[in-house]
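Have the coordinates open while reading.

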Amino acid sequence: SLFDGRVMVIGGWDGNLTNLASTEIYFPVIDEWEAGPSLAIGRSNHRSIVLDDGRILIAGGYDGSADLSVCEIYHPAFGTLESVASMNVARSSFSMVTMADGRVLVSGGFNPMEGFQLLSCEIYDPIENTWTMTGNMDFMRDNHAGFLLDNGQVLVTGGRTYNPDLNLFEGIAFAELFNPTTELWETLSMPFGVSYHSMFDITGAGVSTLGGTNQTGDGVTTTYSAAMWYDPDFQGFSPAPEEWEDENRYRYAACALGDGTVVVTGGDEAEVGTAIRLGLSDAIEEPNAFEIQIFPNPAVDKVLVVAGQETPQWRLMNMSGQTIKTGKSTLVELQEIVNGTYLIEVKTSK
């Protein structure tokens, strides 16, 4: 999710033979998709995260034949992708968290050339454009979840490890806390193993794991709904609130909306095409139907002006107040406008 409310979909797998290099950008206010720039290489099982300055870091993944260390950054203001420093270790299905100081922590992941599930971790500095190895986790894991706590530590939960006796993957029943000062990990017990899940702070009182699976492979799958609650004050786990439980699902996509709720979509085969919204009803506020939104900002070739259900009347001015362009539409074309700083005046009937 971009800072201006747009959503970017990056790469992925088509379910057949192709790892996609395409991107798409969704404009939720007008319910439209637009093609974005192409990645340098098609990838799936990669990770992406919004940096403190609004850019998006895209790292690692799988190109159909090997795991990747290649990284790119998307610039929302210009709609372009830039190749940046590669990770030290090629990896897919890892966890990536932006820390309190703006650096990005990558943990674990999958790479059969490096021992399958990984212990290794590294940190990206977006200012210096460098990756540096940091302390290893205690447990090899992939398809786990990571979350930045208010105290600056990073919590990772679950993940998979291979059990050769059963010929299947099992969820890991241990979490770990990363201390960015010492760059060391501390292990915590969980009620049971879980992988292919996510974590969100829905109420501001703690972190909940959502969904996931315990066993995968050889026809054996055990899935969970929202299952565990982490209390940062006591550094312990307990069952999640029952009212958050829904259909069991894993391999899903989830997004926090910023209103105390999380939207969860899709998942394993039984949940394809479904979606749920989790959270506390009293945390949801009705949006102002006539709130004026202008995005992206800064912009390159166009700006969208949205004012509820109305078609807004607008005036584009330079910093001296001179009118450059006027119109009545949600779209302001900027291709012929000289680069600079401008003001937009918007009029509605409300």
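Strand β30 (residues 313–318) pairs with β33 over 6 bridges, in the antiparallel sense. Across this pairing, N318 stands opposite Y342 of β33. The model is a predicted one.

Both strands belong to an open sheet of 3 strands. The order is β31-β30-β33, and the pairing is antiparallel. Which strands stand at the edges? They are β31 (323–328) and β33 (342–347). Each has a single partner strand, so one side of each is left without a neighbour in the sheet. Neighbouring strands of this sheet are turned by 15° against each other on average, with direction ignored.

**Pocket**

Strand β33 also contributes to the second largest pocket: 3 residues of the lining come from this strand, the largest share. In total, 20 residues line the pocket. P298, A299, L334, G340 and Y342 lie nearest its centre.

**Aromatic pairs**

Now the rings. A pair of aromatic rings is described by the distance of the centres and the angle of the planes. How many aromatic pairs does a search of the whole structure find? The count is 7.

Are Y124 and W131 buried or exposed? Both are buried. What about F139 and F174? F139 has a relative accessible area of 27%, so F139 is partly exposed. F174 is at 30% relative accessibility and therefore also counts as partly exposed. The cut-offs behind these labels are under 20% for buried and over 50% for exposed.

**Charges over rings**

Two arginines meet phenylalanine rings. The charged end of R47 sits over the ring of F94, at 5.9 Å from the ring centre. The cut-off for such a contact is 6 Å. R160 lies over the face of F169, and here the distance to the ring centre is 3.8 Å.

Methods. Residues numbered from 1 in each chain as written. Predicted model: local features only at pLDDT ≥ 70, side-chain atom pairs only at ≥ 80, totals over all residues. Heavy atoms only, no water. Phe/Tyr/Trp six-rings, centres within 6.5 Å; stacked < 30°, edge-to-face > 60°. Buried < 20%, exposed > 50% of the residue type's maximum accessible area, 1.4 Å probe, protein only. Lys NZ or Arg CZ within 6 Å of the ring centre and 35° of its normal. Pairing = 2+ DSSP bridges. Helix = DSSP H or I, 4+ residues; strand = E, 2+ residues; numbered from the N terminus. Axes fitted to C-alpha atoms, helices over the stretch in contact; angles between N-to-C directions. 1 Å grid on protein atoms, 1.4 Å probe; cavity = no way out; pocket = protein on both sides within 12 Å on 5 of 7 lines; lining within 4 Å.
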